[in-house]
Amino acid sequence: MMQQGGFHLWGMHFIWWFIWASLIFWIFATPYRIPGQRSKKDNPLEILKKRLANGQISKEEYLETKELIENKS
């Protein structure tokens with residue numbers, strides 16, 4: 001087997017390079033939202049704003065529900 005400066009060019013040295021390269025790739029390639037990961041939950045007003053923006057509720061429904069949420073707090 002070839003040696004240079006006391007290090008093996010192949011064998012375990014090559015395997016460690018492969019492990020480190022795989023680890024670095026995994027760190028940067030994984031998505032930020034991993035299933036099961038804890039994430040900040042939206043408060044009711046944020047959810048209501050998203051529903052209005054998506055067109056799921058009308059402006060009147062938004063205003064009524066917003067008033068209810070603000071009075072409940």
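**Helix chat**

Colleague: What share of the 73 residues in the protein is buried?

Modeller: Of the 73 residues, buried ones (under 20% relative accessible area; over 50% is exposed, in between is partly exposed; 1.4 Å probe, protein chains only) make up 4%. Keep in mind that this is a predicted model: local features need pLDDT of at least 70, side-chain atom pairs count only at pLDDT 80 or more, and totals for chains, interfaces and linings use all residues. Residues are numbered from 1 along each chain as its sequence is written, and side-chain values use heavy atoms, leaving out hydrogens and water. So, by that definition of buried, the share you want is 4%.

Colleague: In what order do the elements run from the N terminus on?

Modeller: The protein has three helices and two strands. These are DSSP runs numbered from the N terminus (helices H or I, at least four residues; strands E, at least two). From the N terminus on, the order is β-β-α-α-α.

Colleague: Are α2 and α3 roughly parallel or antiparallel to each other?

Modeller: Helix α2 covers residues 44–54 and helix α3 covers residues 59–72, and their axes (lines fitted to C-alpha atoms over the stretch in contact) sit 10 Å apart. The packing angle is about 180°, on a scale from 0 to 180 degrees between N-to-C directions. Under 35 degrees counts as roughly parallel, over 145 as roughly antiparallel, 65 to 115 as roughly perpendicular and the rest as oblique. That's why α2 and α3 are roughly antiparallel.

Colleague: Which residues in α3 does α2 meet?

Modeller: Contact means heavy atoms within 4.5 Å. On the α2 side we have P44, L45, L48, K49 and L52. Their partners in α3 are K59, Y62, T65, K66 and I69.

Colleague: How many of the 14 residues of α3 are buried?

Modeller: Helix α3 lies largely in the open. E70 is found in this helix, and E70 is partly exposed, with a relative accessible area of 46%. Among the 14 residues of α3, the number buried is one.

Colleague: How far apart in space are E70 and L45, C-alpha to C-alpha?

Modeller: In sequence, E70 and L45 are 25 residues apart. In space, their C-alpha to C-alpha distance is 8.6 Å.
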